[in-house]
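Here is a friendly walk through a ligand site and the space around it. Have the sequence and the model open as you read.

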Amino acid sequence: MSNPDELLRIEGIRKTFPGVVALDGVDFDLRRGEVHVLLGENGAGKSTLIKMLSGAYTPDAGRILVGGEEVRIHGAQDSERLGIATIYQEFNLVPDLTVAENIFLGRQPRRFGLIDRKRMEAEAEALLKRVGVDVSPRARVRELGIARLQMVEIAKALSLDARVLIMDEPTAVLTSEEVEKLFTIVRALRQEGVGVVFITHHLEEIAALGDRVTVIRDGRSVGQVPASTGEDELVRLMVGRSIEQQYPRERPAKGPALLSVEGLGRDGVFHDVSFEVHAGEVVGVAGLVGAGRTEVVRAVFGADPYDHGVVRVSGEAVRRHDVNAAMAAGIGLVPEDRKGQGLVLDASVAENLGLVTLRAATRAGLVDRKGQYAAAERIAGQLGVRMAGLGQQVRTLSGGNQQKVVIGKWLLADTKVLILDEPTRGIDVGAKVEIYQLVNELTAAGAAVLMISSDLPEVLGMSDRVLVMAQGRIAGELSADEATQDAVMSLAVSVPTTEKDTEKEAVRGH
Ligand SMILES: Nc1ncnc2c1ncn2[C@@H]1O[C@H](COP(=O)(O)OP(=O)(O)OP(=O)(O)O)[C@@H](O)[C@H]1O
Ligand SMILES: [Mg+2]
């Protein structure tokens, strides 16, 4: 008989997709009251492994045991019945339903045969409170930001009373404050005896939250170590070599201003935003979620309108609210929501990489398909996109590899001003360095880069200058020398003064 504390055991699991061996013999086990981290590069097989437990995929070979008994998991119901709840990397909520409806999807409380809305909403409210998120059970999921979606997913898992909770990169989309909140919830669940499978690319989270780590490389489990293992050793296990320098920023000489944003404002959203980015420069944009960073760059890119101010590229005003005009002026945007805005999921890697260039080329009346294919091949190789071939559907790439394709697409487009919104979210430590090298190449070639990131070490490590936004305004600017974690954070939580605020203060003061 097995260890009574053992919730789950996986032995020699294999899974093949056309052209890809995703899992090639993975062993794993989970005990009551532990957080077991799954660590591995983009495409190593982490998500595929947990999809065997959630019933999304069935293994080609190998065994899954739950509580010492071999089980077959053929769908979400099987998984749920075994007490397994899964929070996927790409969320699984229905956008047009409310929060409460999503939490109780398929098992709404009923009264006289009808859905008991009142009870459902009250129960949802209690769960949301337990997670500590301020969101109405009646809000439509479509209206929620990414951090809140996550919290709704957790509330949903709690509602299932799961003994095994699987979380696929839950912190990739959260701010440090939200991560702390999540950790508090996970620790409480562990205390209650729940076993948690936790996937993350943030190594510092492993020691903070984990108990054990299983490392997966190329579809095989290559080691199991305590979570207290040093980061260098974890990286070595994961990528098979050590990484010398995580932020290899090389600063070329600064050229003329390429992007000038003057007095940009959108009523009720952001105000009086002015800054420049010069050729050769990487300007980081830090701030808390909700500070207005994404809103500003979307306006600069023409994806959203603005009410005041002007955007110039090399001195020329760019037509407002016109993505094509922005692109023609040489602006590119890698959006934070890659699935929604960055990719055509049913198209191939090659097609996605060519999307931007193709548009430019067709406009000029010539489509050089062969040249494009070669360029796509080169950039995919440089970024280390793990795929069966350029013809693979983007939908079937791993999360991190999808992100690489979004970035690659803009790198191919010969952009003068590249805006990156959370560029390395979900990217493994090795691939991050590759992306930073490409940023170096771009700026060395005279491009300007504007980089929003909630990953402070990344902002500090890669920016030549840091803008900090708070409450829709630029709260301050720091040179690379001045930019420390503390300096950025104190600006990020500051209340930028405006005349109105001063009035309010005066009123409150008396
Ligand atoms: N449905 C599918 N069809 C074809 N290939 C697939 C499918 N699902 C996964 N793969 C492939 O299996 C491999 C493992 O992918 P998986 O999503 O498990 O990686 P991961 O470790 O979760 O990576 P990431 O850190 O980027 O999320 C990848 O090469 C991926 O392209
Ligand atoms: Mg994954």
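## The shell around ligand 1

Sorted by class, six nonpolar, twelve polar and four charged residues make up the shell around ligand 1. Here Ala, Val, Leu, Ile, Met, Phe, Trp, Tyr, Cys and Pro count as nonpolar, Asp, Glu, Lys and Arg as charged, and the others, Gly among them, as polar. This is a predicted model, where local features need pLDDT of at least 70 and side-chain atom pairs pLDDT 80 or more, while totals for chains, interfaces and linings use all residues. Residues are numbered from 1 along each chain as its sequence is written, chains are lettered from A and ligands numbered from 1 in the order written, and side-chain values use heavy atoms, leaving out hydrogens and water.

Gly-43, Lys-46, Thr-48, Ser-398 and Gly-400 come nearest among the 22 residues around ligand 1 (a residue is near if one of its heavy atoms lies within 4 Å). H1 gives the largest share of this shell, with three residues; helices (H or I, at least four residues) and strands (E, at least two) are DSSP runs, numbered from the N terminus.

## Polar contacts

Which atoms pair up? A polar backbone atom of Gly-43 is 2.7 Å from an oxygen atom of ligand 1, and for Ala-44 a backbone N or O atom lies 3.3 Å from a ligand 1 oxygen atom. On the side-chain side, an N or O atom of Tyr-57 is 3.3 Å from a nitrogen atom of ligand 1. For such contacts, the N or O atoms must be within 3.5 Å.

## The pocket

Where does ligand 1 sit? Its place is the second largest pocket, since sitting there means that more than half of its atoms lie within 2 Å of the pocket's grid points. A pocket is an open set of points on a 1 Å grid over the protein atoms alone, where a 1.4 Å probe fits, with protein on both sides within 12 Å along at least five of seven lines; lining residues have an atom within 4 Å of a point.

The lining has 13 nonpolar, 17 polar and eight charged residues.

How values were computed
A polar contact is a pair of N or O atoms within 3.5 Å; within protein, one must be able to donate a hydrogen and the other to accept it, and residues adjacent in sequence count only if both atoms are side-chain atoms.
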